[in-house]
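Welcome! Take a moment to look over the sequence and the 3D view, and then let us walk through them together.

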Number of protein chains: 4
Amino acid sequence: MLMVKRLDLADAGVLLAGARAKAAEIGVPMCIAITDEGGNLVAFERMDGGKVTSITIAIDKAFTAAGAKKATHEYGELSQPGKPAYGIAAAIGGRLMVVGGGLPVVVEGDVVGGIGVSSGTPMQDREVAEAGIAAFLAGL
Amino acid sequence: MLMVKRLDLADAGVLLAGARAKAAEIGVPMCIAITDEGGNLVAFERMDGGKVTSITIAIDKAFTAAGAKKATHEYGELSQPGKPAYGIAAAIGGRLMVVGGGLPVVVEGDVVGGIGVSSGTPMQDREVAEAGIAAFLAGL
Amino acid sequence: MLMVKRLDLADAGVLLAGARAKAAEIGVPMCIAITDEGGNLVAFERMDGGKVTSITIAIDKAFTAAGAKKATHEYGELSQPGKPAYGIAAAIGGRLMVVGGGLPVVVEGDVVGGIGVSSGTPMQDREVAEAGIAAFLAGL
Amino acid sequence: MLMVKRLDLADAGVLLAGARAKAAEIGVPMCIAITDEGGNLVAFERMDGGKVTSITIAIDKAFTAAGAKKATHEYGELSQPGKPAYGIAAAIGGRLMVVGGGLPVVVEGDVVGGIGVSSGTPMQDREVAEAGIAAFLAGL
């Protein structure tokens with residue numbers, strides 16, 4: 001039998017708030033998604049002006065980061081032409097995201113969830129996701 | 001050119017809070033989704049204990065109610081065997097929900113969004129969605 | 001080798017205009033789709049106020065009527081519980097529509113395309129689709 | 001509450017006509033799709049000889065341009081191997097188009113819809129989409 005550590009809705013709210021604050025600071029309205037460690041959605045927000053296409057992308061970045069226990073930008077590097085994971089961007093009906101902005105949420109070495117951000121550049125998305133995680137870890 | 005009224009993220013937060021309070025009151029942890037009037041997701045919450053299968057169902061109930069400008073339980077009645085909309089539950093890849101718990105959010109006669117709730121009985125889901133709308137309308 | 005009769009874009013325009021005029025007359029803004037005899041979309045219009053959920057439904061009604069050479073309301077009867085086509089509403093990922101409002105476009109006994117209408121009651125949808133076909137046949 | 005500017009069906013007709021005229025001028029029958037600012041289809045035409053595969057591609061180009069508020073050819077550049085958005089072409093079940101021919105329709109700084117064109121080379125598709133927008137802006 002396993003005992004699984006998993007973020008709860010209150011944790012997701014802290015992650016959302018941290019990400020939202022950073023998005024506001026850099027002036028880019030974002031879609032922000034939080035999943036549990038199984039990749040299932042816990043919370044989502046599309047800030048006013050966030051992109052419609054980014055709804056699914058943010059959710060899928062969080063899904064990928066939590067489910068694969070890996071940042072989506074790492075997949076970006078691993079899936080370049082000639083690299084070992086080339087082509088994986090099309091996996092799971094396109095849900096496997098290799099664009100930056102998805103990060104696993106890790107507590108004491110365990111992945112307890114994922115955060116996915118979309119609407120800015122991949123670097124902005126990643127920065128906002130990192131701010132969400134920083135706020136969460138600071139509050140533990 | 002059209003000018004369209006649409007709920008914003010702050011409005012979605014009020015709808016979520018009203019629904020969450022009712023869900024807590026009746027003791028059923030829910031998935032709650034808010035879409036804009038075009039059916040695109042604005043906010044989502046899965047309360048601790050909410051059902052994994054209800055993530056998509058709540059989102060699709062909100063999508064249906066906003067996009068079709070009709071409560072999902074009305075489709076439930078209209079799509080019974082022998083009724084005119086029989087079979088519509090399978091439409092749009094199954095996204096057209098005919099189970100209660102999806103309501104359009106209406107302001108001065110205009111649909112400005114949708115709320116979808118899932119994890120309880122359809123009647124509980126509908127009651128929680130109604131509580132979300134009541135909280136929203138009370139705050140206007 | 002086959003020679004296939006198929007409506008062209010000008011024909012689709014006549015079908016759309018006939019349907020649009022009837023929709024305006026009965027005061028229900030509709031989604032109207034025209035496919036060729038292979039079920040592939042030729043033309044589509046969402047009248048101002050037409051339902052977002054009806055975009056796919058109208059297209060799929062036209063697809064069903066053209067591809068199956070049968071009115072969608074006939075499938076509605078044939079797919080009732082206990083009837084031979086029971087369950088077919090879920091076929092093709094839900095694209096097989098059994099709700100009224102999809103009609104094959106028939107010229108001299110040959111199906112040359114399909115028309116699908118959605119946003120009203122199934123009876124209104126069917127009436128509007130019939131008006132499109134009537135306008136088309138009157139102009140031959 | 002937000003107030004959103006959105007193109008109506010008459011606007012979509014002007015966009016279609018402008019695009020169609022350019023397609024005829026360059027001798028390439030096109031699929032042309034118009035969506036609203038939420039990415040939902042408003043109007044579509046497949047000119048006689050337009051490609052069957054281009055039906056979905058045109059619709060998805062318009063969806064992408066409207067939803068992401070960005071021309072699809074910009075995604076083409078940003079998603080090359082080694083670039084930040086590499087792999088995004090597979091997102092949203094492949095609906096996120098990175099091939100030229102999708103443009104947002106912008107009025108006074110606001111995205112009010114999208115136009116997507118397909119059947120020619122990506123450069124021809126883009127030229128035809130631009131002609132649609134030019135006709136629309138000239139008529140405002």
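How much area is buried between chain D and chain B, and what share of it do carbon and sulfur atoms give? In this predicted model, the buried area is about 1400 Å², and carbon and sulfur atoms give 59% of it.

## Where chain D meets chain B

The size of an interface is often given as the accessible area lost when the parts come together. The contact discussed above draws 16 residues from chain D and 16 residues from chain B. Two salt bridges are found across this interface, along with eleven residue pairs in polar contact. On the side of chain D that touches chain B, strand β1 (residues 2-6) of chain D gives the most, with five residues. Sorted by class, that side of chain D has nine nonpolar, two polar and five charged residues.

One salt bridge to look for pairs E37(D) with R6(B), where the closest N and O atoms are 2.4 Å apart.

## Where chain A meets chain D

Now turn to chain A and chain D, which bury about 1500 Å² between them, with 66% of that area coming from carbon and sulfur atoms. On the side of chain A, the residues that lose the most area to chain D are K51(A), V52(A) and T53(A), together 32% of what that side buries. The contact takes in 20 residues of chain A and 21 residues of chain D.

How many salt bridges are counted between chain A and chain D? The count is zero. Helix α2 (residues 53-68) of chain A supplies the largest share of the side of chain A that touches chain D, namely three residues. That side of chain A is made up of ten nonpolar, eight polar and two charged residues.

## Salt bridges within a chain

Side chains of opposite charge can pair when their charged atoms come close. Over all chains, a search of the whole structure finds 43 salt bridges. One of them joins E37(A) to R6(A), with 2.7 Å between the closest N and O atoms. E37(A) sits in the loop between β1 (31-36) and β2 (41-46) of chain A, while R6(A) is in the segment before α1 (9-26) of chain A, so this pair ties together parts that are 31 residues apart in sequence. R6(A) is partly exposed, at a relative accessible area of 48%.

In chain C, K22(C) and E25(C) also form a salt bridge, at 3.3 Å from N to O. These two residues are three places apart in helix α1 (residues 9-26) of chain C, so about one helical turn separates K22(C) from E25(C). E25(C), in contrast, counts as exposed at 59% relative accessibility.

## A network that links chains

Another salt bridge connects R46(C) and D36(D), whose closest N and O atoms are 2.8 Å apart. Through salt bridges that share partners, R46(A), R6(B), D36(B), E37(B), R46(C), R6(D), D36(D) and E37(D) are joined into one network.

## A look at helix α2

Helix α2 (residues 53-68) of chain D has 16 residues, and at 1.5 Å a residue these should span 22 Å; the C-alpha atoms at its ends are 23 Å apart, which agrees. Most of α2(D) is covered, with 13 of its 16 residues buried. After α2(D) comes K69(D), whose phi is positive, near 55°.

In chain C, helix α2 (residues 53-68) includes T64(C). T64(C) is buried, with a relative accessible area of 2%. The side chain of T64(C) reaches the backbone oxygen of R95(C) at 3.0 Å. Leaving aside residues up to four places away in sequence, T64(C) touches K69(C), K70(C), T72(C), Y75(C), R95(C), L96(C) and M97(C).

How values were computed. Residues numbered from 1 in each chain as written. Chains lettered and ligands numbered in written order. Predicted model: local features only at pLDDT ≥ 70, side-chain atom pairs only at ≥ 80, totals over all residues. Heavy atoms only, no water. Helix = DSSP H or I, 4+ residues; strand = E, 2+ residues; numbered from the N terminus. Expected span 1.5 Å × (residues − 1). Buried < 20%, exposed > 50% of the residue type's maximum accessible area, 1.4 Å probe, protein only. Contact = heavy atoms within 4.5 Å. Buried area = accessible area lost by both parts, 1.4 Å probe. Salt bridge = Lys/Arg side-chain N within 4 Å of Asp/Glu carboxyl O. Nonpolar A, V, L, I, M, F, W, Y, C, P; charged D, E, K, R; others polar. Polar contact = N/O pair within 3.5 Å; in protein donor to acceptor, adjacent residues only side chain to side chain.
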